[in-house]
Amino acid sequence: MKNKKNILFYLLLMSVLSWMNAQEFHPGEIWKDTQGNPINAHGGGILFQNNTYYWYGEHKDKTNDARIGVTCYSSRDLYNWKYEGVALAVSNDPGSEIVSGCIIERPKVIYNKKNKEYIMWFHLELKDQGYKAAKTAVAVSKTPAGPFVYVKSYNPDAGHWPLGFKEEWKHKEITEGDLKGWTPEWEKEVQEGLYIRRDFKNGQMARDMTLFVDDNGKAYHIHSSEENMTLHISELTDDYKGFTGKYALIAPGGQNEAPALFKKDGMYYLITSGCTSWDPNAARSFRAKSIWGPWESLGNPAIGEDAETTFHSQSTFVLPVHGKKDAFIFMADRWRPKNPIDGRYIWLPLEFQNGRPVIRWKDHWSLKDFK
Ligand code: GAL
């Protein structure tokens, strides 16, 4: 009798536990952490390390500027996330570049094996300057959840020309002031290095960004540059804390933001968005045999109803699921600029069709859905 009771109790406990544990993704719905609080990690990226996924993202509240910093959550199954705290805290020191009230966006973390360090990069805008500074910044920690220590900010690749930049373009004297914006003449000049020349000495602009570590350990920083007209892909130094000065352009003049880069079967893929601020637009996709290009445009990876707004979201990361071949998760943000804390996470399976990445809407799904 007692045994029967124990078994019943055990069964009840198991069903309560499995009910409490999420086992599915519900894109766009409020996603709570293991303490029952909505996850606050926007524009995020994920690091897989020590058999654990670490999700880093922007802490947001009623406004978009950074009052707390970068948060970190951990998970073993990708459904249930434990809050690990603030990985990089904003500073109270008015002299700090990351003083409370600055803008910190799209943080990404990679692990540097050589120095056994976790390296975080993020888009940084200085306090009270809007999006003018267009910087990227780096912070370092010995442990995945931090605390990360702020190192410095960059406008990348100062004093370097991108790969394939023509000699004659280096010496052009035409400047922004000589041209009317959004005319064919201006577009041609953008393609021929108008902004690269302008920023050559002090370093290039870096707004929306992501990181990618290749199989050989080389790491790359991919960012919207040249007034958001062109994406730059820049090689990081061996310690991942700086730029080597080697960089290439992706889709010059193509106005791409929100880059997410991944690799499958030796081929590089890139998902981006267009530039419409917090409003969603149609995603784009590209592929290349070499990270340095050429990048072939593959069109909008989203398919079906609401594909033209990427299901009301903007890409932030593509996550390879550990231990599952060809299983990738498309991670995106459904921004709520009037109440940024209420922004939602759109995670969808990314599949391949005739060599192209495709993303379809699902109200709910699980990792078991990967074929
Ligand atoms: C978006 C960008 C966001 C944020 C926003 C500000 O296009 O992807 O990360 O910078 O613009 O307007």
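Q: How many Å separate an oxygen atom of the ligand from an N or O atom in the side chain of S277?

A: A polar contact is a pair of N or O atoms within 3.5 Å; within protein, one must be able to donate a hydrogen and the other to accept it, and residues adjacent in sequence count only if both atoms are side-chain atoms. Here the S277 side chain has an N or O atom 2.7 Å from an oxygen atom of the ligand. The ligand taken alone exposes 310 Å², of which the protein buries 91%; accessible areas come from the Shrake-Rupley method with a 1.4 Å probe, and for residues only the protein chains shown count as cover. The model is predicted: local features need pLDDT of at least 70, side-chain atom pairs count only at pLDDT 80 or more, and totals for chains, interfaces and linings use all residues. Residues are numbered from 1 along each chain as its sequence is written, and side-chain values use heavy atoms, with hydrogens and water left out.

Q: Which residues are around the ligand?

A: A residue is near a molecule if one of its heavy atoms lies within 4 Å of it. The residues around the ligand are E105, R106, Y131, D208, E257, S277, W278 and Q314. By class, this shell has four charged, two polar and two nonpolar residues (Ala, Val, Leu, Ile, Met, Phe, Trp, Tyr, Cys and Pro count as nonpolar, Asp, Glu, Lys and Arg as charged, and the others, Gly among them, as polar). A polar side-chain atom of E105 lies 2.6 Å from a ligand oxygen atom, and for D208 the corresponding distance is 2.5 Å.

Q: What salt bridge does D208 form?

A: Side chains of opposite charge can pair when their charged atoms come close. The criterion is a side-chain nitrogen of Lys or Arg within 4 Å of a carboxyl oxygen of Asp or Glu. D208 meets R106 in such a bridge, at 3.3 Å from N to O. The two are 102 residues apart: D208 is in the loop between α4 (194-198) and β9 (209-213), R106 in strand β5 (residues 103-112). Helices (H or I, at least four residues) and strands (E, at least two) are DSSP runs, numbered from the N terminus. Both D208 and R106 are buried (buried means under 20% relative accessible area, exposed over 50%, partly exposed in between, with a 1.4 Å probe and protein chains only).

Q: How many salt bridges are there in the whole structure?

A: A search of the whole structure finds 25. Among them is E117 with K241, with the closest N and O atoms 3.0 Å apart. E117 lies in strand β6 (residues 117-125) and K241 in the loop between β11 (230-236) and β12 (243-250), so this bridge ties together parts 124 residues apart in sequence. E117 is buried at 11% relative accessible area, and K241 is partly exposed at 22%.

Q: Is D215, which pairs with K263, buried or exposed?

A: D215 counts as exposed because its relative accessibility is 68%. K263, at 21%, is partly exposed. Their side chains meet at 2.9 Å, N to O.

Q: What joins the side chains of K135 and S153?

A: A polar contact of 2.8 Å joins them. K135 lies in strand β7 (residues 135-141) and counts as buried, with 16% relative accessibility.
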